[in-house]
Each structure stands twice: as C-alpha cells, then as structure tokens.
Amino acid sequence: MTAPPPPMPSHWHCYRWTGERRAYDDESARRPPHLVVADIPPQEWKRIAAASPAFMASDVPPLEVPHWLLRPARMIKATFEAPDKAAAWYRDQIGDLSRSFLTDHDNDSSRQAERFAAAE
C-alpha cells in the first residue's frame with residue numbers, strides 16, 4: 001500500500017538570482033547554520049538568523065531549495081497561487097536571461113524545454 005501524495009501547496013514563491021559564478025561557488029553564504037532541522041517552527045527562524053547573518057543576508061541561492069524559505073521575505077520576487085502562473089513566470093525569466101547564458105548547451109532550445117517541463 002502506498003502513501004497518498006502530499007497536499008498541493010497553497011502558493012509558490014519565486015526567487016531569482018543573477019551573479020558571478022565565483023559568488024555561487026562560495027558555499028559559505030549558501031549554507032544555513034547547523035541549527036536547521038526538518039519542520040523547524042517559524043519562531044526558530046530568528047535563532048537561525050542570529051547564528052548565521054551571512055547566510056541570511058546573502059541573495060545567492062542556498063544549497064537546498066527549501067532553505068530559501070529561511071531567508072527574509074524581501075528576497076521573494078513573485079508569489080503565485082496557481083502553479084501554471086509560477087511556471088509561466090519561470091519561463092519568462094529564462095527567456096529574459098537566455099541571451100546571457102554562456103554555453104550553447106544552456107542556450108539550446110531542447111535544454112530549455114527540459115527545464116520548463118521539470119519546473120511544471
């Protein structure tokens with residue numbers, strides 16, 4: 001017997017970061033403090049912020065997608081209640097940024113189609 005799927009989120013937060021690879025490769029600003037545990041209550045976020053001001057202030061993507069939710073709300077670029085709207089926002093962002101992709105592999109339309117399918 002398999003477990004039922006988890007409930008669908010009521011909304012989706014969208015984040016965007018553009019920057020230099022050097023900043024992205026510096027994991028210290030992308031790694032939350034060791035205090036992060038599964039199902040941490042919201043009131044614990046202040047403790048996390050105090051333990052790692054560099055992580056909280058950084059706009060570089062965290063190592064794990066769920067850790068965006070630990071960051072200040074000002075880093076949210078958009079919020080949608082419908083998943084198709086969030087996916088459309090993502091497609092628009094990729095479309096706007098694709099000219100700046102450095103490799104033909106990243107610019108390849110089939111590669112972008114794979115990204116869109118994964119996001120949806």
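Of the contacts (heavy atoms within 4.5 Å) in the chain between residues at least 6 apart in sequence, 53% join residues at least 24 apart. The model is a predicted one, so to speak of local features takes pLDDT of at least 70 and side-chain atom pairs count only at pLDDT 80 or more, while totals for chains, interfaces and linings use all residues. Residues are numbered from 1 along each chain as its sequence is written, and side-chain values use heavy atoms, with hydrogens and water left out.

Six helices and two strands turn up in the chain, in the order β-α-α-α-β-α-α-α from the N terminus; these are DSSP runs, with helices being H or I of at least four residues and strands E of at least two, numbered from the N terminus. The C-alpha trace spans about 45 × 45 × 30 Å along its principal axes. Of the 120 residues, 27% are buried, meaning under 20% relative accessible area (1.4 Å probe, protein chains only).

Now for helix α4. Its 15 residues, 83-97, reach 21 Å from first C-alpha to last, close to the 21 Å expected at 1.5 Å a residue, where the expected span is 1.5 Å times one less than the number of residues. Buried in α4 are Ala86, Ala87, Trp89, Gln93, Ile94 and Leu97. These buried residues line one face of the helix, because they fall within an arc of 155° seen down the axis of α4; the arc is that of the directions from the helix axis to the C-beta atoms. Their cover includes β1 (12-14), β2 (78-80) and α6 (109-119).

Conventions:
Buried means under 20% relative accessible area, exposed over 50%, partly exposed in between (1.4 Å probe, protein chains only).
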